Structure formats: C-alpha cells, structure tokens
Amino acid sequence: MRLVLKPLVAALAATLAAATAQAQGVINIYSARHYQTDEALYANFTKATGIRVNRLDGKEDELVERLRNEGAASPADLLITVDASRLEVADKLGLFQPLVSPVIAARVPAHLRTPNWAAFSTRARVIVYNKAAIKPEQVPTYESLADPKLKGQICVRSGGHPYNLSLGGAFIAHAGEAATEAWARGLVANFARPPRGGDTDQLKSVAAGECGVALANTYYVARMMRSSAAADQEAWSKLAVVWPNQASWGAHVNVSGAGILKHAPNKAAAVKFLEYLASDEAQVYFADGNNEWPVVKTAVAKNPALDKLGSFRADTLAVGELAKNAALAQRVYDRAGWK
Ligand code: FE
C-alpha cells in the first residue's frame, strides 16, 4: 500500500508554532486533501486554539483501508475526504461516530450533512462541450447525453469512479432505477471511446475534438481556466460549460467532507476543528484550495474562474441520500455496460 507518510513535514511548522503557543492538545487528521491553502488553515487553527495538528496525507481509498486495518488502535481523530459516496463507504464500515455540534448544525445546511459526517465544500458535475462541434441546446441535461443524436460524441471517465457513482445516486433518487439504467445504456452507446483517464483527460479530449461532450467536476474546469500553461489556455478556448438540468432537478453537487472517527483519541479537539472548518475564514481557505464553493452561506469565496462560470441552480438532494444510492448505481452501470 502506498501512503504519503508526511504528517510531520507538513505539520512541523504547525508543531513548532504550537510549542511556543503552549500546546493545549493535539489532533490527528487523515486527509485526502492536500492543497497549498490548507496549510494556512491548519496553522490558523493551531494559532487560535493551541491545538497541534498532525496530518497524514493519502489517497482517499487508501486512508479508508488504513483506518480499517488500524481499528480501535488508530491514532486518527478525523477523516477528511472527497465525494459523498466515499464518505458513505467509510460510514458504512462503521468508521465514524455521531457528529454532535450545534455550531455545525447551525452553519452547514441540513442537506449537506448526515448524522455522522458533514460537507465542508461543494463542487458540481457539469457538461463541457466543444464549441465548434456542439451547440449548448443539444446538451442541456444529463439525460440529453443519452440522445442517439450524440452517437460517438461522449467522453467520460469510468462508471465505477465515485464521481459518476454519486451522479448515478442522484439520478436514481430523482428518476428511479429503471430510468437511470436506460440513461446509462444510452450514454454508453454514445461513447467516443471506452472510458479512460480522469476528468481533465476528458476535457482535453473534447478540446482536441476526439469527442464533443464530457462530464467533469467544476474544479477541474476552474483549474484549467486558471492555469498559466499555454496548452491549457488553448484547450479552454475551445470549451464551454452547460449547467445541467436547470429546468428540472438542478446540477448534481458533490462534496468534500469530514467525520470524526469512532476511536478518536482526541474527540473534543476534533469537534473544535470541524467547528473551525465551518467558520467563514476557514471555509474560504478550504473551498479555494480546490476551486470549490463554501457550504456556509456567510463565507464568500472570491474565485475568479468560478465567478466567471456564473451562478446556477444546484440539486439540493441530501448528500446522505445520493451517497446511499451509490452502491445501487454501480450495479445499474454494470448492467448498462458502463465500465
Ligand atoms: Fe477529483
């Protein structure tokens, strides 16, 4: 198993700062997020509370596997990861304990939390098309991507990837299992090529004209928009975004989130950290680190790329509900041949 064991490099600065500020405790975070702005976030938390932050960075699924193996002996207090379906997997494995905090209940909208974990930033899964090949009127909805008129036009990553499983989970909640399967079949029939690569690869393929349309998370789009690389700017110049399903259930929204682990040795400090993460200041750092939106209404992120994409109607389906449907979405995709 490959794990980036660098709690200590990243945490060293925080550790030293805390030592001088008289450490009043410690928390151990297993995190699947590692962005520049997150460093400031951890440092500010330590400055404000005196609580030292140790962080172990790893890939999402590897961290869950590690927590399973460590069991009750785990030193971890918190798991921060991305995607509702992944948080659901961790929850189903019994890794979390109830998240009881009036602060989080007051600040994180109800549809963006479950009894055991909460979202701290959001991203949308959008339709991205090649402006020379496709008209936006052809692709207004997720459903429209299954239209036989788009044969050979669709590029998308694997059906088994959590981002597509969460989308499928939402689709099932809104349209039912049978309609979701019919949609997936239609989508597969329109593939330009078998799924491979991540969302950014799909964007590049659409820009290169290998396909006309792709599905991608907004932060990949924003990353390309904000990139200083000439190739990215050239690619972005060919592309445009459709906010899907604006006349029906809204654009599918997924999350980065966190939960307190069942065997957390430092539970009180972990609650404090999540409450801090729901503060306006931390929300802006957390969201901005990955070009996402804050979950707290009063936190205003100024992200030039996301601002440029404009506002949209977001699906307000409870994250817990779409996450619970993810396993069924996998079976539906398997039947539909979305590998
Ligand atoms: Fe991603």
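Buried area is the accessible area (1.4 Å probe) that two parts lose on being put together, summed over both. The structure is a predicted model, in which local features need pLDDT of at least 70 and side-chain atom pairs count only at pLDDT 80 or more, while totals for chains, interfaces and linings use all residues. Residues are numbered from 1 along each chain as its sequence is written, and side-chain values use heavy atoms, with hydrogens and water left out.

**View 1. The interface of domain 1 and domain 2**. Domain 1 comprises 21-120 + 256-299 and domain 2 comprises 122-252 + 314-336, with bounds from an automatic or database domain assignment. Between the two domains about 1800 Å² is buried, 54% of it from carbon and sulfur atoms. On the domain 1 side, His111, Asn291 and Trp293 lose the most area to domain 2, together 35% of what that side buries. Contact (heavy atoms within 4.5 Å) links 19 residues of domain 1 with 22 residues of domain 2.

**View 2. The salt bridge between Arg123 and Glu292**. The closest N and O atoms of this pair are 2.6 Å apart. One salt bridge is found across the interface of domain 1 and domain 2, the rule being a side-chain nitrogen of Lys or Arg within 4 Å of a carboxyl oxygen of Asp or Glu.

**View 3. The lining of the largest cavity**. The lining divides into five nonpolar residues, one polar and one charged.

How values were computed
On a 1 Å grid over the protein atoms alone, a cavity is a set of points where a 1.4 Å probe fits but cannot get out, and a pocket is an open set with protein on both sides within 12 Å along at least five of seven lines; lining residues have an atom within 4 Å of a point. Ala, Val, Leu, Ile, Met, Phe, Trp, Tyr, Cys and Pro count as nonpolar, Asp, Glu, Lys and Arg as charged, and the others, Gly among them, as polar.
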